[in-house]
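Dear colleague,

Please find the structure below for your records.

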Amino acid sequence: MREINKFYIDGQWVEPAELNLIDVINPATEKAAGQVALGGAADVDAAVDAARRAFATWGQTTVDERVAVLNAIVAEYQNRMGDLAAAVTEEMGSPTGLTNAAQVPIGLGHLMTAAAALPEYKFSDDRGSHRIVKEPVGVCGFITPWNWPLNQVMCKVAPALAMGCTMVLKPSEVAPFSAAIVAEIFDAAGVPDGVFNLVNGDGPGVGNALASHPGIDMISFTGSTRAGIEVAKSAAPSVKRVAQELGGKSPNVILDDDKFAENVAGGFATMMLNSGQSCNAPSRMLIPSHRIDEAAEVIKATAPNFTVGDPTTGVMLGPVVSEAQFDKIQGLIERAIADGATAVVGGPGRPDDLPTGYYVKPTVFTNVTNDMEIARTEVFGPVLVIIGYDSVDEAIKIANDTEYGLAGYVSGADIDEVRRIGSQIRAGSISLNGAQVDPVAPFGGYKKSGNGREWGDYAFDEFLEVKSLLGYSA
């Protein structure tokens, strides 16, 4: 049993202002794997005070000094990758194969990308007699989710450190184990006291306190669009900067050519990654109407390869993260069937051989139109809908007919056509022919999928203020 009953503030593990412990549930067993303390406004005040004091010096450090700290963090992170992997699998049910191949390495990737890009970043520019400089925004508040815990922490923390900002992190109380190890890594790496602070808690107790705190200069939130709106409302009175990476209902346009079956199978596989718990999951597969039956047969043949079960046993899909998430997904599946959708594979309920654990059958629906709830609501589970189109122009129209705009996918043999379609999808990240995410490429959304960009040197700008020094060289 893990117990996280202290917060990391000003370089020390400190007692909460009031001790309030909750269980952290292992979604594979439905039993408590440990406990975490929930903080409150007083804990946030202490962390913000520490971050403000630290900013006075960390904000004035040189690029070389910050690169050295980032590289020290990289070395400690590499030493703890096994511990991080075990924590992620236990806290949110990620299968060990996915955890070791992606969940843990992607956090390292963000650190290494920031360290490599920082020496080349230009912090000043002379225009005539004036100098334009970029300075750290100040103290940042980070609110991160449970689905890719290390990715979401490091894609905020790494660029903020690189730019000279200090920070207070609130990870998800559903999956806090890996974030506690991150704090241990930062401590061992010698990150100066107060630069990185960790306060566990829930949204009402810590998230709102961070978003509304006058000592926080920027709030960066990743999570649902509903919660992101509330964060922005809380931040508005202090006019702090708000960056949001929110929900998605991403289209996957499959073209009518001889790679059709391969691309349908690939789209299904990408959707099922992390049990569908990815904000950029390709959850709407758009295919030529006359090939829907063929696509269904491809999926029926592919689905048995995507085993579901104990995430420590080499399966492809583990459980979804919690009982609440399981119940939400089941409700959406049941309502889709009531609305007339047909489950090609999967459907309601747990797999027959898994009575314990929050396991969801990989589910694919046909007979879906884009106005159905199942086509418009972010399920955040292993549920894919297939929607037919009669022309490529109609496919583009359907792809863009959503309140979201985080990601899009296009697959086909004609690369020029794939590029043309990708350029017309209104979303922040478009994968062409199965291209994978890359820490150097910016990530973020249009519309209700958020604002700002994370990943790589594009993330640096989010953590900077721009100052004009007029007459600098007069």
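A residue is called partly exposed when its relative accessible area lies between the buried class, under 20%, and the exposed class, over 50%. Arg 376, at 31% relative accessibility, therefore counts as partly exposed. Please note that the model is predicted.

Arg 376 forms a salt bridge with Asp 401, and the closest N and O atoms are 3.3 Å apart. This pair links distant parts of the chain, 25 residues apart: Arg 376 belongs to helix H12 (residues 373-376), while Asp 401 lies in the loop between helix H13 (392-400) and strand E18 (404-405). Asp 401 is likewise partly exposed, with a relative accessible area of 38%.

A second pair consists of Arg 350 and Glu 30, whose closest N and O atoms are 3.3 Å apart. Here 320 residues separate the partners: Arg 350 is in the loop between strand E15 (342-345) and strand E16 (363-366), and Glu 30 is in the loop between strand E4 (21-26) and strand E5 (31-37). Arg 350 is partly exposed at 26%, as is Glu 30 at 30%.

Within helix H14 (residues 415-424), Arg 420 and Glu 417 are three residues apart, which means that about one helical turn separates them. Their side chains meet in a salt bridge of 3.0 Å, N to O. Arg 420 has a relative accessible area of 31% and Glu 417 one of 21%; both are partly exposed.

With kind regards

How values were computed
Residues are numbered from 1 along each chain as its sequence is written. This is a predicted model: local features need pLDDT of at least 70, side-chain atom pairs count only at pLDDT 80 or more; totals for chains, interfaces and linings use all residues. Side-chain values use heavy atoms; hydrogens and water are left out. A salt bridge is a side-chain nitrogen of Lys or Arg within 4 Å of a carboxyl oxygen of Asp or Glu. Helices (H or I, at least four residues) and strands (E, at least two) are DSSP runs, numbered from the N terminus. Buried means under 20% relative accessible area, exposed over 50%, partly exposed in between (1.4 Å probe, protein chains only).
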